[in-house]
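Keep the structure open beside you as you go.

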Amino acid sequence: MMFSRRIPLHRLLSRCAVMDSKVLREAAEIAQLYRDQCRFPALCRADVGPVITSRYGGQYCNVYTEWTQRDLERNENVKFCRQYIVFHDDKSVVYSGPSGNCTEIKGELLSVDSPSGDMKAVLRESTIKGEDKQFLEIWHKNRKLKCLNLTTLSKHGKVYEDDQFGCMVWSHSETHLLYVAEKKRPKTESYFQGPETGLLADEEETIKTDKKEETVLGQQFEYYEDWGEALVNKSSPVLCVLDIEGSNITVLEGIPANISPGQAFWAPNDTGLVFVGWWHEPFRLGLKYCANRRSSLFYVDLASGKCEQLSSNSSAVCSPRLSPDLCRIVYMECGVFGPHQQCNRLCMYDWYTKQTSVVVDVVQRAREDGFTGIYSSMLSPRCWSADSQRVLMSCAQRCRKDLLVVDTSTGEVTSLTSQSEEGSWNLLNIHRDLMVVSCSSPNCPPDLRVGFLPEKGSESKMSWVTLEETQPQADISWQTLNFSPPPEEDNSQYPGLDFNAILLKPKEMTAGSKLPLIVMPHGGPHSVLVSEWFLSTAVLCKMGFSVLLVNYRGSLGFGQDNILSLPGNIGTQDVKDVQLAVDSVLKQGDFDKQKIAVVGGSHGGFLACHLIGQYPEFYKACVARNPVTNLASMIGSTDIPDWCMVEAGYEYNTDIHLEPAILEQMLNKSPIKHVSKVKTPVLLMLGEDDKRVPSKQGIEYYRALKALQVPVRLLWYPGNNHSLSKVDAESDGFMNTALWIIQHLSL
Ligand SMILES: CSCC[C@H](NC=O)C(=O)N[C@@H](Cc1ccccc1)C(=O)O
């Protein structure tokens, strides 16, 4: 422990020698700044309702939106909705505005309107006498038609509400509802603690089979594999169909036993269900952030029960979306194993010809027109133009998220936003060509806009109407910086690659003063930091720090070659790229070279720990959230052991035998290898329930630093997983990060 326990940290800090710096140092003021910035909500959903014709002939529709916002007082992320009315003619918005105020949403796990907009289905969780129950409600106009207690009905386990498997979809006829739930598990009892019958074993067996629900003995401690980080207790998903009229639930049969279904929807004419099926043999691996799991598109026919595979047997697929004319399905596809996120192929399956085509292929290097490939991990709930010809998506193109239009007949890709000045764009939904989007940048919180998709060829005429406006923060400036590694750092297998970074600076700089710099490499390593709003970077910048977000080679959004250049080179190529970005920025002359900190989570934590080991004099403070510190000791305990093999430069197979040479390579590429050189004080923040980078990784590093007498502090967050995203953990993590940096940069 670095501090006396009796003196509050902020008092201790304000007693520190004051340097000539403009950084906010008072804990109470920092907390107030954080609290203020938490008041900007983020959009999480939008739906476009049916067209209504007013009595005067005008046409309008409702746009329903859901938002989330951190509520620090209640210590939870609150969800609320707000609706807007949008009057329009065929291709433009005539008038729009909110139709009422915000309403908080409580207890709703899933909700969906029927295609006609007349009905609504809600999955609700409620605690009754201390027990969690799930209810399925069907609403019609202004009344609740049905409420089924799913827990008591006991046809299946809990309903899945996650993005990976979860769905709740009305049939086209609006008579049935489809959802995914955990398969029902047998009721279990001990051999010894059940009701004593005094009967002989075989007599007892006869009685048991007569019981309505069979109870199995001795299976209370059975291990059920799950799908890893953020999907714990999700093991065997099943497709469930509710017949609304008869209140009857059917758990679908006919799906191969080695497949786990999810992301399902109704086939044309409701003849069956289309779904993504993930292979789970010989065992399940973590799915979160891992688009590279063997999976395929399937169709199960409801009449015959026959299940048919619609896409390749050796790829990974996600986000199937049916066209409005019910003729074609687009979906994304990438390779199995290899990097956990990659450049996708956009594929299309024709329902009637049963032909599959590749609409947009993997892009190895940025094209002449600047297109770098498709990286979206999920398409919006609807993504087709009204004429079923074009597909819309938001997608990282280098460090900016753009709205892209793909013509499915030619494969041509056009950007709707690349010419705009703003930062990054998110497509929330599109229906009848009315798009609902959100735009934000590092100095501007997310706004809400609507606009009609222009005719093909007129994409540059895109015009937006803002439904919720946000103001840019006048005290933050930002810019994108591009870097080309010097010849000695070029990757011989993938030569000529570049990378970039986003630099945030406080706008007001006192003449002659130098800025402290916080370096933040992202995690993954195959992810990307785009030019959008981030709470923590905005608050740090408002406090007086400049922040450098580095998209080293290996990031998404720069082409598949860029991604492939990193596996086998982690701990060197990524580390050197970050250091090159920092060194280049320091040449600008605005920064104090003695006041540089590094902050990162997961693989970003791996990089932070590497940087302080490989550049021991350079960084004055380090903060690492759930860092990977030793691949060799992590491979046996993470939910994605394939990550360790692939990133260390090896191929992964489910039946791998670890050789000492492989473990040696893993150790050599890990931050722990350089720990003896570390001088920088380190703050570690660990989630007790992290399945991705088990907390023992951080503890291993903590012990090594302790033994070396390097200042180290460990914060332990019970009930938190890899993301440390519960409101209290995130806000505590932010405050302690800021104060640690202030203390060790002697600000
Ligand atoms: C075996 S742990 C590997 C590190 C981890 N990668 C994948 O999960 C990681 O760095 N996680 C990132 C999260 C992330 C990953 C991919 C895309 C976006 C985010 C982190 O926690 O920051």
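A salt bridge here is a side-chain nitrogen of Lys or Arg within 4 Å of a carboxyl oxygen of Asp or Glu. The model is predicted, and it holds 39 salt bridges.

**Exercise 1.** Find how far apart the closest N and O atoms of Arg124 and Glu137 are, and which strands the two residues lie in.

*Solution.* Start with the distance: the closest N and O atoms are 2.7 Å apart. The cut-off is 4 Å, so the pair counts as a salt bridge. Next, place the residues: Arg124 lies in strand β8 and Glu137 in strand β9 (residues 131–140), so the bridge ties together parts 13 residues apart in sequence. Finally, check accessibility: Glu137 is buried at 2% relative accessible area, while Arg124 is partly exposed at 21%.

**Exercise 2.** Work out which strands the salt bridge between Glu108 and Arg124 ties together.

*Solution.* The closest N and O atoms of Glu108 and Arg124 are 3.9 Å apart. Glu108 lies in strand β7 and Arg124 in strand β8 (residues 119–128), so parts 16 residues apart in sequence are tied together. Glu108 has 17% relative accessibility and counts as buried, because the cut-off for buried is under 20%.

**Exercise 3.** Locate the two partners of the salt bridge between Lys106 and Glu76.

*Solution.* Their closest N and O atoms are 3.3 Å apart. Lys106 lies in the loop between β6 (103–105) and β7 (108–113), and Glu76 in strand β4 (residues 76–88), so the pair ties together parts 30 residues apart in sequence. Glu76 is partly exposed, at 25% relative accessible area.

Technical notes. Residues numbered from 1 in each chain as written. Predicted model: local features only at pLDDT ≥ 70, side-chain atom pairs only at ≥ 80, totals over all residues. Heavy atoms only, no water. Helix = DSSP H or I, 4+ residues; strand = E, 2+ residues; numbered from the N terminus. Buried < 20%, exposed > 50% of the residue type's maximum accessible area, 1.4 Å probe, protein only.
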